[in-house]
Amino acid sequence: LLLALGLQGHLSCLNGHDITRYLEQRTDGSQDKFTTIACLLGLAADRRGSCNRIVHKALRWHMVTHWPNNEEIPSWCTDIVQTASIYGFGLLYLETGDRLITELLVEQFEMISKQDKIKDRESYALSVGLALGM
């Protein structure tokens, strides 16, 4: 539902606090990855091409390649959530030509082979490529 609302442009009324509440929503003591994915992609789709800093921070938080190497990956940050986060960057910076985001995404390509934190390298690489193409 969050993804559908974002695609229709109905999530623009959410502020930083509301976004955090959706991203921290728990089911059975752990965070629901599908709620997280729908929230990330819905917010990015709602604010596509806007370079919104709040959504940028939410997406960046779910990219474990920028976490310290010695830090353990939380259970809520699965490979599919990381892939959705990368794809969200493509939507958020759609047709802006932002140099820093382009460099960040190209850096992700380089880090894929170096990082042990990424398990599903093919889908991660595909989402980086799609995000760059947007």
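Tutor: In this predicted model, helix H3, residues 33-46, and helix H5, residues 79-92, have axes that come within 8 Å of each other and cross at roughly 10°. An angle under 35 degrees counts as roughly parallel, so H3 and H5 are roughly parallel to each other. On the H3 side the contact is made by Lys33, Thr36, Ile37, Leu40, Leu41, Ala44 and Ala45. H5 contributes Ile80, Val81, Ala84, Ser85, Tyr87, Gly88, Leu91 and Leu92. Sorted by class, these residues of the H3 and H5 contact are eleven nonpolar, three polar and one charged.

Leu2 lies in helix H1, which spans residues 2-7. Although Leu2 and Ile37 are 35 residues apart in sequence, their C-alpha atoms are 9.2 Å apart in space. With neighbours within four places in sequence left aside, Leu2 is in contact with Leu11, Tyr22, Thr35, Ala38, Cys39 and Gly42. The relative accessible area of Leu2 is 13%; the cut-off for buried is under 20%, so Leu2 is buried.

In general, most residues other than glycine have a negative phi. Cys51, in the loop between H3 and helix H4 (53-61), has a positive phi, near 60°. Its relative accessible area of 25% makes Cys51 partly exposed. Glu95 sits in the loop between H5 and H6, and its phi is likewise positive and near 60°. Glu95 has 72% relative accessibility and therefore counts as exposed.

The axes of helix H6 (residues 99-112) and helix H7 (residues 121-133) come within 10 Å and cross at roughly 160°. Since angles over 145 degrees count as roughly antiparallel, H6 is roughly antiparallel to H7. The crossing of H6 and H7 is left-handed. From H6, the residues Thr102, Leu105, Val106, Gln108, Phe109 and Ile112 meet Arg121, Tyr124, Ala125, Val128, Gly129, Ala131 and Leu132 of H7. Nine residues of the contact of H6 with H7 are nonpolar, three are polar and one is charged.

Gly133 also belongs to H7. The C-alpha atom of Gly133 is separated by 9.8 Å from that of Thr102, a residue 31 positions away along the chain. The relative accessibility of Gly133 is 67%, so Gly133 counts as exposed.

As for the whole chain, there are seven helices and two strands, and from the N terminus on the elements run α-α-β-β-α-α-α-α-α. Of the contacts with a separation of 6 or more, 69% are between residues 24 or more positions apart. Buried residues are 43% of the 134 residues in the chain. The accessible surface comes to about 7500 Å², and 54% of that surface belongs to carbon and sulfur atoms.

Methods: Residues are numbered from 1 along each chain as its sequence is written. This is a predicted model: local features need pLDDT of at least 70, side-chain atom pairs count only at pLDDT 80 or more; totals for chains, interfaces and linings use all residues. Side-chain values use heavy atoms; hydrogens and water are left out. Axes are lines fitted to C-alpha atoms, for helices over the stretch in contact, and angles run from 0 to 180 degrees between N-to-C directions. Helices (H or I, at least four residues) and strands (E, at least two) are DSSP runs, numbered from the N terminus. Angles under 35 degrees count as roughly parallel, over 145 as roughly antiparallel, 65 to 115 as roughly perpendicular and the rest as oblique. Contact means heavy atoms within 4.5 Å. Ala, Val, Leu, Ile, Met, Phe, Trp, Tyr, Cys and Pro count as nonpolar, Asp, Glu, Lys and Arg as charged, and the others, Gly among them, as polar. Buried means under 20% relative accessible area, exposed over 50%, partly exposed in between (1.4 Å probe, protein chains only). Accessible areas come from the Shrake-Rupley method with a 1.4 Å probe; for residues, only the protein chains shown count as cover. A crossing is left-handed if the near helix is turned anticlockwise from the far one by less than a right angle, and right-handed if clockwise.
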